Amino acid sequence: MSKQIKHYLGDRDVQLILGTLLRVGVLVSTAIVIIGGVVFLSTQTNQIVSFESFKPEQAKFSSVAEIFNGLKSVDGLAIIQFGVLLLIFTPIARVVFSIFSFLMEKDYMYVLIGIIVLCVIITSLYLDIAH
Amino acid sequence: MTVLLFTIIVLLGAFVAGLLGSLTGLGGGVIIIPLLTLGLGVDVHYAIGASIISVIATSSGSAAAYVKEGITNIRIGMFLEIATTISAIVGVVIATYIKADYIIVIFGLILLFSAFMMLRKKIDHSNNEQTSVLANYFKLNGSYPVDGQQKQYAVHHVVGGFAMMFVAGTLSGLLGIGSGALKVIGMDNIMKIPFKVSTTTSNFMMGVTAAASALVYLHKGQIDPTIAMPVTIGVITGATIGAKILIRTKTDKLKLVFAVVVVFLALQMIYKGLTGVA
């Protein structure tokens, strides 16, 4: 029984840190998206938009490299996309953090399971499906 | 439509989507996609890209509130994520090869199913009969606090649950939704995990699953910053306020009203898809 209680307390600490990580991740990415939105709208208010047909060839900032390049020229859309990227990486950071906490618990089976999940996500980062 | 008007309309719509999504437990995507496609004539590819972002936003936003209670079973989540992340990518690949109109029809059908699941009376099947060999091997059984005491629970039918998560992940990748309704079937009904644990664990998985497909959608050019901006801001604000109201409000009547709206949207989507196919 004592082992279970210890296990639970450990999990609880981990979950508190996780909660903070998620909250900070969401707050920071939302703030960046808002900043990007303000920069973008202050320059493009009267531009006409249409998304009636899907034009992947016209997509702006559809890779990590393009987003970072756009940031250098303080492009509003690039800043928005950077915030979106951070938002996407928040749950991924959660997986990485869980792997470390399993490592500390010496639960190597779950370290491996966590690494498998992380590998799948990293694969998706490099997966380029032609449309 | 000018950029400013478009931003304001999507911002308000996404706010309502986040609010209702968190109050009813159905998630934001259910409203975001019909709003963009039916309401604003946005191509479904862009709508899916925006929706997957809203799934991540609601998942991370509400998870921050959930983890305080300390009942998420990270092992169950991580174990099932093997299925959901791989299948999410499979879903995105399928989406690349089938006609957009079919995606719209499938989305409509999933909406109908979600509305049905939302209204169905939930039955807690959980018990502590540790009979599953796989659940023991993968250390999935756990405990959660009830009135200051630890209540033990056992996980059942690991293979069946894993298979259901594969379906949930595929649909999540294909349609840009969280697939909450399917995850509930997998965790509550098949694996017999207690509600308190399954709700938070499924929410944990949703964000990770959506992150895998979101990265592929980003590369495919389906995540447009002009749409993503108001969607992200609106959904997060709505979901945060919704989570606060949820603590002190009964949502039974709201769920009924919302189910009617969702069924209406579902039929519209199916009609739109079918007329496109024909």
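In the predicted model, K192(B) occupies the loop that links helix 8 (180–190) to helix 9 (195–219) of chain B. Its phi is near 55 degrees, a positive value in a residue other than glycine, and this backbone setting comes just after helix 8 of chain B. Most residues other than glycine have a negative phi. K192(B) has 20 C-beta neighbours inside 10 Å and therefore counts as buried, the threshold for that class being 20 or more.

K139(B) belongs to the loop between helix 6 (133–137) and strand 1 (142–146) of chain B. With 15 other C-beta atoms within 10 Å, K139(B) is partly exposed, whereas K192(B) is buried.

Elsewhere in chain B, helix 1 (residues 3–24) packs against helix 10 (residues 225–246) at an angle of about 30 degrees, and the two axes are 6 Å apart. Since angles under 35 degrees count as roughly parallel, helix 1 of chain B is roughly parallel to helix 10 of chain B. The crossing of helix 1 of chain B with helix 10 of chain B is right-handed. The residues of this contact comprise 22 nonpolar and 10 polar residues, with no charged residue among them.

Chain A, by comparison, is described by 4 helices and 0 strands, which follow one another along the sequence in the pattern α-α-α-α. Of the 131 residues in chain A, 37% are buried. Where contacts in chain A join residues at least 6 apart in sequence, 59% of them join residues at least 24 apart.

The contact between the two chains takes 59 residues from chain A and 57 residues from chain B. On the side of chain A that touches chain B, the elements giving two or more residues are helix 1 (2–44), helix 3 (76–104) and helix 4 (108–126) of chain A. Helix 1 of chain A gives the most to this side, with 19 residues. By residue class, the side of chain A that touches chain B divides into 32 nonpolar, 20 polar and 7 charged residues.

One pairing across the two chains is that of helix 4 of chain A with helix 4 (residues 74–97) of chain B, whose axes come within 9 Å and cross at roughly 25 degrees. Helix 4 of chain A and helix 4 of chain B are therefore roughly parallel to each other, and helix 4 of chain A passes helix 4 of chain B in a left-handed crossing. From helix 4 of chain A, the contact is made by Y110(A), I113(A), G114(A), I116(A), V117(A), V120(A), I121(A) and S124(A), while helix 4 of chain B supplies R75(B), M78(B), F79(B), E81(B), I82(B), T85(B), I86(B) and I89(B). The residues of this contact divide into 11 nonpolar, 3 polar and 2 charged.

For chain A, an unreviewed UniProt entry lists residues 21–41, 78–97 and 109–127 under "transmembrane region". In the model, residues 78–97 of chain A are 100% helix and 0% strand, with the end C-alpha atoms 28 Å apart. Residues 109–127 of chain A are 95% helix and 0% strand, and here the end C-alpha atoms are 27 Å apart.

For chain B, the "transmembrane region" annotation in UniProt, likewise from an unreviewed entry, covers residues 45–67, 79–96, 102–119, 158–182, 227–247 and 254–271. Residues 79–96 of chain B form a span that is 100% helix and 0% strand, with its end C-alpha atoms 27 Å apart. The span of residues 102–119 of chain B is also 100% helix and 0% strand, and its end C-alpha atoms lie 26 Å apart.

Technical notes: Residues numbered from 1 in each chain as written. Chains lettered and ligands numbered in written order. Predicted model: local features only at pLDDT ≥ 70, side-chain atom pairs only at ≥ 80, totals over all residues. UniProt positions renumbered as here; feature names shortened; annotations may be inferred. Contact = placed C-beta atoms within 7 Å. Nonpolar A, V, L, I, M, F, W, Y, C, P; charged D, E, K, R; others polar. Axes fitted to C-alpha atoms, helices over the stretch in contact; angles between N-to-C directions. Parallel < 35°, antiparallel > 145°, perpendicular 65-115°, else oblique. Left-handed = near helix turned anticlockwise from the far one by under 90°. Buried ≥ 20, exposed ≤ 12 C-beta atoms within 10 Å, placed from the backbone.
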